[in-house]
Amino acid sequence: MKILVLVKQVPDTTDVKFNENGVMIREGLQSILNMFDQFALEEALRIREMYGGEVSVMTLAPEQAKTAMQKCLALGADKAYHISDRAFGGSDTLATSYALSLAVQKTGPYDIIFAGNQATDGDTGHIGPQVAEWMKIPHTSYVERVEKIENGTITVKSLLEDGYRMIEMKLPALVACIPPPNFEYSNPSMSGIIKAKNKPYIWMKADDIDGDKSKFGLNGSPTRVVKMYPPPKRERGQIFTGDYSESVRKIIEHLKEKKVIE
Amino acid sequence: MNIDEYRGILVVGEVYDGKVRPVTYQLISKAREMASSLNTKLSAVLMGNNISQYANDMIAYGADTAYIMEDKVLESYVSELYASVLARFIESIKPEIVLIPATHTGREYGPRIAAYLQTGMTADCTDLQIRNGKFIQIRPAYGGNIMGEIITPNHRPQIATVRPNVFKVGNYDKQRKGETVKVKPDMSNINIRTMIKDIVKTTVTGTKKVDEARVVVSGGRGIGSKEGFSILQDLADLLGGAVGASRVAVELGWMPKSAQVGQSGLTVAPDLYIAVGISGTIQHIVGMKDSKIIIAINKDPNAPIFNIADFGIVGDYREIIPIFIEELKKELKK
């Protein structure tokens with residue numbers, strides 16, 4: 001079983017600070033392995049444990065993303081492919097997924113490709129489905145668990161808003177994973193960290209993946225971000241600290257005025 | 001690509017459990033405004049089986065043309081099938097803008113369509129504007145900490161997904177004239193390698209859907225236990241609302257995932273949102289900040305939720321909610 005996990009290093013947006021104008025301070029934000037990707041990797045490692053095989057990880061990112069890749073190796077991945085080239089600067093999801101799909105085909109074939117359902121920075125959820133489309137292979141998003149692999153098929157549990165579906169796909173296939181509530185992430189062990197240093201770490205440039213170079217980077221990106229600004233603020237209203245009954249009555253009066261209760 | 005060949009707006013509708021998802025009409029209503037300011041036509045498409053009765057509703061909400069694609073095979077949703085059939089359809093009618101619901105399904109087949117057509121896509125838009133004839137797609141990034149404006153200047157169609165309840169449904173005009181067109185889905189040479197083995201619903205039937213309720217009472221870590229939610233349910237019942245939850249409350253197993261409000265859950269915009277024992281992380285706030293009125297109840301006077309609340313009470317919900325219920329009952333009796 002040859003397995004690939006697509007990963008991304010992201011800024012840790014759970015602890016963001018703002019300046020006095022309400023603008024997010026991006027400097028000093030920690031870089032972490034996207035949590036969705038870590039879950040995807042842990043699913044991949046569990047599958048390797050059950051069925052044998054090899055798990056590689058791949059990222060398309062500047063050199064500093066090596067930290068997140070090393071974490072993947074320390075957690076148990078066997079091999080890392082790090083695609084890094086200025087040619088990919090300014091890539092949107094279409095250009096990123098195109099380059100990734102080429103690198104996947106170059107280093108593959110793989111039986112299963114794992115990805116995080118989304119990354120916590122851009123939050124688009126595009127990369128998994130789009131890599132699958134470029135490769136013309138089936139995919140499922142919102143995968144909370146891989147149930148089994150059998151007779152050249154993979155069965156996954158995919159979340160709906162109000163339940164889930166069990167879906168079987170012919171391999172090769174791509175699964176975009178979302179951690180279940182209360183998933184306990186593993187921490188790399190000391191021996192894992194030491195072993196990671198001797199695992200194959202393969203750097204790739206734009207020239208190492210075949211394909212239409214006009215579709216790389218900014219040139220290959222149909223979308224443009226034209227403006228960024230802090231989200232509109234809601235004003236702080238009336239906060240009561242005194243007697244509960246009185247506070248409640250005041251609020252209910254207001255709800256009546258606004259005809260929320262009639 | 002000659003972008004001038006692309007004209008009009010297309011809304012992709014969704015049928016779920018045999019019914020049209022409300023987001024379909026929300027998107028048609030919004031697209032109606034956009035089509036008017038672009039002085040162009042609005043179409044909407046629905047895929048499934050035995051769904052032609054919905055064409056009139058799509059027209060009543062503002063579509064000029066309602067496309068109906070029916071086939072037995074389309075009855076159950078499969079991403080690779082829907083993506084291919086829709087992409088081929090879009091290629092055939094060449095709209096300049098395509099809006100897709102950012103549901104679990106739309107976020108699955110949508111990006112495939114954009115890759116198939118090799119065009120730009122913007123996910124999870126919270127606003128769409130037409131400015132000087134240009135289509136501006138507005139969305140949060142970095143966990144809701146930043147808003148970005150995105151354009152697709154030289155590729156068509158410009159595709160955006162939009163979460164349910166970001167836009168409100170507009171006028172339903174029964175007299176509105178439009179055209180219904182039945183389209184035979186092009187399924188030639190599509191190799192379907194995906195099979196649905198089972199569908200399981202975990203939402204208890206009879207309970208109100210959080211993203212469709214007029215009033216949402218949500219609980220977080222401060223509720224303290226699964227049992228604590230029963231009083232929230234009492235309050236919600238009294239107000240004809242639904243009970244939601246923060247991510248933490250879901251992770252602790254107090255509430256099902258289907259009730260989760262926030263970035264990795266539902267986006268809601270009810271008339272009244274009552275946040276109980278929820279501190280108000282940015283991830284939660286992005287999912288409910290467009291509610292008309294927000295009430296926060298929290299022990300911690302410094303909880304960030306108070307900064308966006310119209311009203312807040314600092315204190316123990318175990319004492320405050322019963323008072324709330326009692327006072328409300330008095331009101332409702334009047």
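## Terms and model

Helices (H or I, at least four residues) and strands (E, at least two) are DSSP runs, numbered from the N terminus. By that rule, chain A has 6 helices and 13 strands.

This is a predicted model, in which local features need pLDDT of at least 70, side-chain atom pairs count only at pLDDT 80 or more, and totals for chains, interfaces and linings use all residues. Residues are numbered from 1 along each chain as its sequence is written, chains are lettered from A and ligands numbered from 1 in the order in which they are written, and side-chain values use heavy atoms, with hydrogens and water left out.

## Chain A as a whole

Along the principal axes, the C-alpha atoms of chain A fill a box of roughly 70 × 40 × 40 Å. Chain A has 262 residues, and 55% of them count as buried (under 20% relative accessible area, with exposed over 50% and partly exposed in between; 1.4 Å probe, protein chains only).

Contact means heavy atoms within 4.5 Å. Among the contacts in chain A with a separation of 6 or more, 70% are between residues 24 or more positions apart.

## A helix pair across the two chains

Two packed helices are described by the angle between their axes and the distance between the axes. Axes are lines fitted to C-alpha atoms, for helices over the stretch in contact, and angles run from 0 to 180 degrees between N-to-C directions. Helix α6 (residues 244–257) of chain A packs against helix α8 (residues 317–333) of chain B at about 45°, with the axes 9 Å apart. α6(A) and α8(B) are therefore oblique to each other (angles under 35 degrees count as roughly parallel, over 145 as roughly antiparallel, 65 to 115 as roughly perpendicular and the rest as oblique).

Residues making this contact include A:Y244, A:V248 and A:I252 of α6(A) and B:I320, B:F324 and B:E327 of α8(B). The contact of α6(A) with α8(B) has 8 nonpolar, 1 polar and 6 charged residues. Here Ala, Val, Leu, Ile, Met, Phe, Trp, Tyr, Cys and Pro count as nonpolar, Asp, Glu, Lys and Arg as charged, and the others, Gly among them, as polar.

## A helix pair within chain B

Helix α5 (residues 229–238) of chain B also packs with α8(B), at an angle of about 20° and with axes 10 Å apart. That angle makes α5(B) roughly parallel to α8(B). Among the residues that meet are B:L232 and B:L235 in α5(B) and B:I321 and B:L328 in α8(B). The residues of this contact divide into 11 nonpolar, no polar and 2 charged.

## Residue B:A55

B:A55 lies in helix α2 (residues 55–60) of chain B. B:A55 counts as buried because its relative accessibility is 1%. Apart from neighbours within four places in sequence, B:A55 is in contact with B:A66, B:I68 and B:T180.
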